[in-house]
Amino acid sequence: MDKDTRIKHSRKAMVLRIVFLLLGNLVVLAGIWQQIHFKGVSIASIIFQLQVPMVGADGGNFTSLYVLLGIATPILTALEVWLGCLWRRKTNRLRYLREHIVLPAVVWFVAATVVVLVRMDVFSYFWYVAHPGQLYEENYVDPAEVTVKAPEELRNLVYIYLESMETSYADYPSGGVADRNRIPYMTKLSLTEGESFSGEGKLNGLMPVEGAIWTCGSLVSQTSGLPLIVAIGRNSMGKYDGFLEGAYSLGQMLGRFGYRNIYMQGSKIEFAGHDRFVSSHGNYEVRDYNYYNEHLRLPYKDYGVWWGFEDFRLYEFAKEEITNAVQDGRPFNVTMMTIDTHFTDGYKCPLCGSEFDAQYDNVIRCADRQLEEFITWLQAQDFYENTTVVIVGDHPTMDSRYYSELSKKHKDYRRCAYTVILNGAASFRGDKTRKYSALDMYPTTLAAMGFEIPGNKLGLGVNLYSDEETLVERMGLEKLNKELLKHSKYYNKHIIEGK
C-alpha cells in the first residue's frame, strides 16, 4: 500500500471513528438524561410522544437535552479523539487497536446502545408486543352493547383532570411520602368529604397501568375503559381515519341521555392527539387555548405562557361555562384539564407562594389552593346538589428527580394518581382499600352519577362501588401491565378499526 493510499485509509478510519464515538456518546448522554428526568416512564409512553403532534408543548422541558446533545456531546467526542491520539503517540502497546482505530469506537457505540435499551426495558417491551394475548376476549365488555339505566333525575358532572397530581405529595400519615403536606385541601377532600375507595383512612388513587400513564392515554382510559397502547400518527392511528373507532366512551354514553359535553384545557387541544379523541367520542364543545385566543378572552392576542394560559384562568372560564350550561337547562358534563403542574418544575403563576424551597412544591401547593377556591365556589351554587364532581390526577409526575428527592425516606411507596369523587349518588360500603386503575373510572363515574350498569363492568373497567374485582385486584399490577402490552387482534380489529 503506497503512502497516499495509507493516508486516505487513515483519514476514512478517523472519520468513522469520530462518527461512532459521536453516536455512542449521543446514546449514553441521552440515556443518562432519560434516567435523570424520566426514570420509570414507560417506553410505550415515550414512543407515543415521539409520534404525536407536539403543538403547544412547552419546549423548555427539553432545554437540558438540547444542550447535552448539541454542546456536551461534540465536546466529549473531541476530548476522546484527542486523548486517543495522545495515547497512540505515547504507547507502543496494543498494536492491533492502534492499527484498527475504528473498532473501539464501534464497540463503544454497540455496547452503549445495548445498555441504554436494556435500562429502558425496550427489549422486554417489544417482546411482549410481539406475543399475542387474550385479555380483551376474556375481559372486555363493549359499553355500546350494555343497557345502562339512567336515574330518574339526571345529575350533572364536573370532571377535573389535574396534571401529574399524585398521592405522594401528601404527608406520610395521610398516605403520602412528604415531610410537609403539599396538598392539604385535596387530602381533606379525600379523607373526610369524598370517596377514594380507601378502607384505611389514607389516600388512595389510580395505580399506573400501561396505556394510561401519560395524559392522552389517561384521558382515553378513564373515559372508555381502554388503554391507549398503539401510537397515533400526526393525522390518525396509522392508516385509519379515526381515533379508536370501536371505543364507546363516557361522552358518547352521556350524549345518549341528552347531556351537553364541554371539554376545557388551557393548552392547544391538538397536542398529543387530544382533538382527535374528543371530537370523535362525544360531540364535545371544545374550549381550549385556541378558542379563548380567537374570542379575545386572554390579556392580548396570541398571549401565551408555559403551555398556553394559566390554570387560574381555566378555572374562571370553567365557572362561566358551567353557569351558561346551567341556564341551558340540559344536564351537562364539563371536563377540564389543568397544566401548571406539568414537569419540569411546573409553572409558577402569580398566585403561587414561596413557602417551600423547591418551585415544584410551590406550584403543587398553588394547584391545591386553586382547586379549593373552585370547589368552594361550586359547592355554593344551587345546582351543586345535583352535581357529581370527579377529581383525578391524569398520571403520576414524570419529574423523576423531584420524586426521587421527595420519596428518599420511603423508597417502597406505591405511587398512585390522586382520586376523589364528591357528591356521588352511590355509596362505598367496603372496609378494605380497593386497588384500581384509570380503566375503572368509566363505570365508576357513571355509578357515582346514579346510573345502573348491568354486571358493573364497562370496557376493561369495574364499578368500584360494587363487589366485582378489578383487573388489578384479580391479576396483580405487574401481570396486568404485561397483558396490556401484548399484541391483541381483538384490540386492533374491533377497537382501532371499529369493525
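**Close-up views of a predicted model**

**View 1. Leucine 244 sits in the loop between helix H9 (215–224) and helix H10 (250–256).** Helices here are DSSP runs of H or I with at least four residues, strands are runs of E with at least two, and both are numbered from the N terminus. This is a predicted model, where local features need pLDDT of at least 70, side-chain atom pairs count only at pLDDT 80 or more, and totals for chains, interfaces and linings use all residues. Residues are numbered from 1 along each chain as its sequence is written, and side-chain values use heavy atoms, with hydrogens and water left out. Leucine 244 is not a glycine, yet its phi is positive, near 50°. Leucine 244 is also buried, at a relative accessible area of 0% (buried means under 20%, with a 1.4 Å probe and protein chains only).

**View 2. Leu244 belongs to the largest nonpolar core, which has 65 residues.** Such a core is a set of buried Ala, Val, Leu, Ile, Met, Phe, Trp, Tyr and Cys residues joined through side-chain atoms within 4.5 Å. The members touching the most others include Leu244, Tyr136, Tyr159 and Leu446. Helix H16 (residues 441–448) gives this core its largest share, five residues. A second, separate core holds 57 residues, among them Ala170, Met264, Tyr292 and Phe332.

**View 3. Phenylalanine 197 lies in the loop between helix H8 (184–193) and strand S2 (205–207).** Here is another non-glycine residue with a positive phi, about 65°. The relative accessible area of phenylalanine 197 is 0%, so this residue counts as buried.

**View 4. A cis peptide bond links phenylalanine 343 to threonine 344.** Omega is about -5° at this bond. Threonine 344 is in the loop between strand S5 (332–337) and helix H14 (359–379).

Methods
Buried means under 20% relative accessible area, exposed over 50%, partly exposed in between (1.4 Å probe, protein chains only).
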